[in-house]
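Please keep the sequence and the structure in view while reading.

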Amino acid sequence: MALPPPLPSVDSHHLAVRSPASHAVLAKKKRSTHTKRCKPRPSPSAATSVAKPTTTTTKAATTHKTTSTPAPAPAPATTTKAASSAPSSTPNNSGSTGGGGKVGIAWPQDDDKALAFFKTDQTTRLYTWSPWIPPKATELGFQGVPMLWGEKQVSDFARIVVEGYAHAALGFNEPNQQGQSDMTPQRGAQLWQQYMQPLKAKGYTLISPAPTNAPSGKTWLKDFMAACQGCTIDAIAVHIYGTDPQAFIDYLSDMHATFGKPIWVTEYACENFSGGAQCSEDQVWNWMTTTKTFMDNTSWVAAYFAFGAMYDMGNVNPLNQLLGSNGQPTSLGCLFVDEMVKHLPPSIKHLLTLRNPNVLPSPPLAKLNALFTRTSQDAKRKNAETGWLVLATCTLLSANRPASIGHLYRFVTRPDVNEPNSRINVAHAVNKAALMRESALKSTIFVGVPRVILSLAELHRALDDDVKQALRSHSRRLATPGNIESTIERGKALWNSIYTPHADKLHDKLGAYHPDFISFIIQSYGTVLSPLPGGTRTFHDESGPVDPDQGNLSRPLGSVVGIATLRAESRVGPQLTSHTFGLLKARYLEGLSAEDAWLSSDEGTEWVLRTVDEILDVISSEDQEDEVKVKL
């Protein structure tokens, strides 16, 4: 294929953000928390600033700020003998035909609350220009990708990046660039063999060093591949800065044709480093939509990370900024992290960022752990652990803290939440996941579908693979001519159990508001809120794929769902009172377990309310209520 037009030379460019000096200072400051070691690009006047080089061409200027990309999909890795720069005859195409899972976040600041807004179904990986993976990123469901930035990080990298720490690792940051990792290809090969290559035997996907898109960058990478005898390179990392989306596409195509491997675009932005006019807002949006569409639909692009999820863009065009000063994605950030918005007109995209559209962030992990430990131990002393798991799930869901739901699952399935391999046996883990899943489903009656979707998605993301496989996958609630009558009778029975002696009066009152309203409620009670026929499960039970009663909650626990969701919803006093009475009335049912009998007692019902309040007090202290301000 014909080579694309030459990209501007940027051999003397770039940001201090990733300079060894500034990086080392930040690394020292944050070492105890394992957070990002690379601060946002400093402004040109910063003392440690390295001026970004000016470029000489006009097609697509390159700059760099490493971005993480999803680890390439499993494909045979190529081990270089004297690694050739020629395309492989059977290239390792580890991308996907769609964009899901390709979007990554390059995250240089220590801001857990802001990070929560960047986790969507589209965002998979995260890196920090360092070996460190923020604990919050793992909690949110990101796959952290450590980087060996350069020689000054080798000791930290060797100490931190061990077997099981991550699934992929990134090579050196712009090794052809003065002021960045700045090393010869031969020195790069030595460091790779010493620090990166051993990770292959530990299950890592190894991503090449990421040179600039100056001509010297491609040359450096070819020389590195030739020098790195016996090195495994699973994918090629690139940085691209420019103003022409087609030049971007041509450059990626050339790099893929040259090296025959999947591509990770770990930094890119609409930025002119040639000294000419910068991209306008319309050009930035066109750049983003055009490049994203290409990468989402190109199988050999495995991952991409836009430059701009930071508060200070330094000497990069601020119109590329993905993170607003309020800690939430800008309208461009929303486009980057959620492909659905790319089909909307710009004015509508702006409007959708107003009125707090994002879920609320989870409290810090340490705070959540302390809360869960305190309340679960109290529940254990009262033999009410099932009630605790149900109310905790429903409270977090109703308070719109989906990420906290995922951590709750990890908490109840691991004696040590900091040790992923400490999980309890699969049968007990399946039971707890099923109880949480059923609690979330029943919450739909009280808080509606949207919040349940968000929380179930986070729970599903947190589940271990063997637990997912063992959870029930067929519906027990599908309406058929044979079960509709029994479902309605079950709904009526639950209605009467909760609202007697006012059941008939309330039925007629709601029916007067809308004749279909009460029918909908009764059917929902029978389908979702009431226990399914058969046995029920509790906190310490085991479960598996053949368990016919997996996750089934008792009648009193259904009332706990109602109390927790309505208490967290707030300002629905009459409904909360009704379901509180519903729990108290459950004491008169026959065959109650000891836990259900206590929960429906005065003491137990008070404990439910107080425990919900305790959870709400902790998580509400973390609220960020500032609205997103967007220029229309």
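How many residues does helix α23 have, and how far does it reach from its first C-alpha to its last? In this predicted model, helix α23 covers residues 602-620, which amounts to 19 residues. Its span is 27 Å, close to the 27 Å expected at 1.5 Å a residue.

The buried residues of α23 are Gly604, Thr605, Trp607, Val608, Leu609, Thr611, Val612, Ile615, Leu616, Val618 and Ile619. An α-helix has 3.6 residues a turn, so residues three or four places apart point the same way. The partners against which the buried residues of α23 pack are α11 (365-381), α12 (385-398), α20 (555-569), α21 (573-585) and α22 (594-599).

Two packed helices are described by the angle between their axes and the distance between the axes. For α7 (residues 245-259) and α8 (residues 281-296), the angle is about 30° and the axes are 9 Å apart. Since angles under 35 degrees count as roughly parallel, α7 and α8 are therefore roughly parallel to each other. The crossing of α7 past α8 is right-handed. On the side of α7, Pro245, Phe248, Ile249, Leu252 and Ser253 make the contact, while α8 contributes Asn286, Trp287, Thr290, Thr291, Phe294 and Met295. These contact residues comprise 7 nonpolar and 4 polar ones, with no charged residue.

Finally, the loop between α10 (346-352) and α11 contains Pro361. Is Pro361 buried or exposed? Pro361 has a relative accessible area of 1% and is therefore buried. Its C-alpha atom is separated by 7.2 Å from that of Phe117, although Pro361 and Phe117 are 244 residues apart along the chain.

Methods
Residues numbered from 1 in each chain as written. Predicted model: local features only at pLDDT ≥ 70, side-chain atom pairs only at ≥ 80, totals over all residues. Heavy atoms only, no water. Helix = DSSP H or I, 4+ residues; strand = E, 2+ residues; numbered from the N terminus. Expected span 1.5 Å × (residues − 1). Buried < 20%, exposed > 50% of the residue type's maximum accessible area, 1.4 Å probe, protein only. Contact = heavy atoms within 4.5 Å. Axes fitted to C-alpha atoms, helices over the stretch in contact; angles between N-to-C directions. Parallel < 35°, antiparallel > 145°, perpendicular 65-115°, else oblique. Left-handed = near helix turned anticlockwise from the far one by under 90°. Nonpolar A, V, L, I, M, F, W, Y, C, P; charged D, E, K, R; others polar.
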